[in-house]
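Biologist: Hi, I'd like to go through this protein with you. Could you bring it up first?

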Amino acid sequence: MCMGIPMRLAQVDGIAGQSEGGDLIDLSLTADAQAGDWVLTFLGSAHEVIDADRAARIAAALQGLRAVMAGGDASGAFADLEGRTPALPSHLQAALAAGRKTG
């Protein structure tokens, strides 16, 4: 599994960027990215420019995941999911309704 990491660009030079943390980022897929923009990166490559709110929500979710993996509590890391129950995709909902519990 590959997870997207939000990073803020400190510098841009053509298709190469550097994050505020010093990471080098390939900007080939985000030609419009500029210094100060947030980008969602996968394995060192920016796949899209995102807004600061989305970057903060993703960072909070990743921090919650780190906390749970360390035996802690996610405490509010997934605030955007509070108050709603995520829906299963239709094919999985149909399998559940039919009583299937395994693939």
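Modeller: One term before we start. Buried means under 20% relative accessible area, and exposed means over 50%. Also, keep in mind that this is a predicted model.

Biologist: Okay. Is T41 buried or exposed, and why?

Modeller: T41 is buried, because its relative accessible area is 3% and the cut-off for buried is under 20%.

Biologist: Where does T41 lie?

Modeller: T41 is part of strand β4.

Biologist: And which residues is T41 in contact with, leaving aside neighbours within four places in sequence?

Modeller: The list is M3, G4, I5, M7, I25 and A46.

Biologist: Let's move on to L43. Where is that one?

Modeller: L43 sits in the loop that joins β4 and β5. Its phi is positive, about 50°, although L43 is not a glycine.

Biologist: Is L43 buried or exposed, and why?

Modeller: L43 counts as exposed, because its relative accessibility is 83% and the exposed class begins over 50%.

Biologist: Which residues of α1 are buried?

Modeller: The buried ones are A55, I58, A61, L62 and G64.

Biologist: What covers them?

Modeller: The cover includes three strands: β1 (5-13), β4 (38-42) and β5 (45-50).

Biologist: What happens at the start of α1?

Modeller: A side-chain oxygen of D51 comes within 3.2 Å of the backbone nitrogen of D53.

Biologist: And just after α1?

Modeller: There you find G71, with a positive phi of about 90°.

Biologist: Now zoom out. How many helices and strands are there?

Modeller: Two helices and five strands. Along the sequence, the pattern reads β-β-β-β-β-α-α.

Biologist: What about the radius of gyration?

Modeller: The protein has 18 Å. A compact globule of 103 residues would be near 13 Å. Along the principal axes, the C-alpha atoms fill a box of roughly 55 × 30 × 25 Å.

Biologist: What share of the residues is buried?

Modeller: Buried residues are 23% of the 103.

Biologist: Last one. What is the accessible surface?

Modeller: About 7100 Å², with 56% belonging to carbon and sulfur atoms.

Conventions. Residues numbered from 1 in each chain as written. Predicted model: local features only at pLDDT ≥ 70, side-chain atom pairs only at ≥ 80, totals over all residues. Heavy atoms only, no water. Buried < 20%, exposed > 50% of the residue type's maximum accessible area, 1.4 Å probe, protein only. Helix = DSSP H or I, 4+ residues; strand = E, 2+ residues; numbered from the N terminus. Contact = heavy atoms within 4.5 Å. Polar contact = N/O pair within 3.5 Å; in protein donor to acceptor, adjacent residues only side chain to side chain. Rg over C-alpha atoms; globule rule 2.2 N^0.38 Å. Areas by Shrake-Rupley, 256 points an atom, 1.4 Å probe, with all protein chains shown as cover.
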